[in-house]
Amino acid sequence: MKLSREELKGLMKNKLMKAGLNEKHADIAAEVMTWSDERGYHSHGAVRVEYYSERIAKGGITANPNFTFKETGPCSGMFDGDNGCGYAAAKEAMDIAIEMAKKNGIAVIGISNISHSGSIGYYTEMAAKNDLAAISFCQSDPMAVPPGGTEPYYGTNPISFAAPTADDRTVVFDMATTVQAWGKILDKRSRGESIPDNWAVDEKGNPVTDPNKVNALLPIAGAKGYGLMMMVDIFSGIMTGVPFGKHVSSMYHDCSKGRELGQMHIVMDPERFVGLETFKRNMSATCDELNAMPTADGYDKVYYPGERAQMRKEKAYKTGGIEIVDSIYEYLKSDDIHYNRYDHKNRFAE
Ligand code: NAI
């Protein structure tokens, strides 16, 4: 099913409001999920609406939260999300970070007590569209094993950075720090297919190819990815005072409780460093150089981060709209709020 931007966003917003979320936050959540779906990040688009609706309806996402912000210095502050909509909290905190970085050169905003905030590239892109460079990290539920370990300790803890160029391009890098998402394991199970041996481990910490034996996911690039997921947890979790490491709450467990997640936005004004014009000119030059590089066999082009997502978006609108799975469209159109599918005892929502 292909939908226009307006139709998809409208359906998602209505459903979240029907579940009880206030209109402003429903609008922001629907906007960020549309941003993900139109760029082909379907893992963080409409597929999530039913889960959020269940958590909102059961009280695990505060429908009308009291967001608070405390400036702790000229370039720092703490934003508390009152376990409300993570999308709205992360966006509002980025609005504050943008204003602070424009005024004082740098902004480091810790965000505490939020629910899932989706594709975090949305927030770093906001800064880049304002001629600023930004980094964002956030916690997610424990499902990755450290090298040599046997138990899940860190989440898929994503990292994003974004920067403007001198033209209409924006570099937006946005990735999870595990080799694969848990959803890919479930997908392989349902198809009866095996998985590559670098995706996950069993209960003894040994690599597995049978998706039914998976106990934890592996970090990207071994110990290096483990270090990155720890960095994310330190800056967005330990630094903001929320539960960290294996104490981070599970997405699919007890939908009546707030998730108490942490996130951090770091925003810099290039004007305070090399100068904005030079920064943007050299950002364009680096993108041009990457695009012009001769390619290896089997590759059509070298892309800068975010370029393929932008191309997917343009292609979607040229070919009739955003592709949404039929069953998700039926759910969004229906009067049902949720089907009680996400309140699991099991941390991995099997
Ligand atoms: P991915 O693997 O599709 O892409 C990762 C990055 O690599 C992107 O910035 C992409 O632009 C870049 N990239 C990929 N192939 C490229 C190529 N050939 N040339 C140049 N650049 C290339 O992303 P992943 O890791 O699957 O994450 C998907 C989304 O999930 C992200 O939006 C992320 O923020 C979100 N996420 C959110 C979590 C949360 O708890 N809020 C947890 C984990 C992921």
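Predicted model: local features only at pLDDT ≥ 70, side-chain atom pairs only at ≥ 80, totals over all residues.
**Ground rules.** I kept local features only at pLDDT of at least 70 and side-chain atom pairs only at pLDDT 80 or more, while totals for chains, interfaces and linings use all residues. Numbering starts from 1 along each chain as its sequence is written, and side-chain values use heavy atoms, without hydrogens and water.

**Sheet.** I took helices (H or I, at least four residues) and strands (E, at least two) as DSSP runs, numbered from the N terminus. Strands pair if DSSP finds at least two bridges between them. I traced an open sheet of seven strands with mixed pairing, in the order β2-β3-β4-β10-β5-β6-β7. β2 (68-73) and β7 (170-175) are at the edges with a single partner strand each, so one side of each has no neighbour in the sheet. The twist from one strand to the next averages 15°; angles run from 0 to 180 degrees between N-to-C directions, with axes fitted to C-alpha atoms, for helices over the stretch in contact.

**β4 with β10.** I found β4 (residues 106-114) antiparallel to β10 (residues 261-268), joined by seven bridges. I114 faces L261 in β10.

**Helices on the sheet.** Contact means heavy atoms within 4.5 Å. α5 (residues 121-128) touches β5 (133-138), β6 (159-164), β7 and β10, at about 20° to β6. α8 (residues 276-292) lies across β5, β6 and β7, at about 110° to β6.

**α4 against α5.** The axes of α4 (residues 86-104) and α5 come within 10 Å and cross at roughly 25°. The two helices are therefore roughly parallel (angles under 35 degrees). I listed the residues that meet, including Y87 and M94 in α4 and Y122 and M126 in α5.

Technical notes. Parallel < 35°, antiparallel > 145°, perpendicular 65-115°, else oblique.
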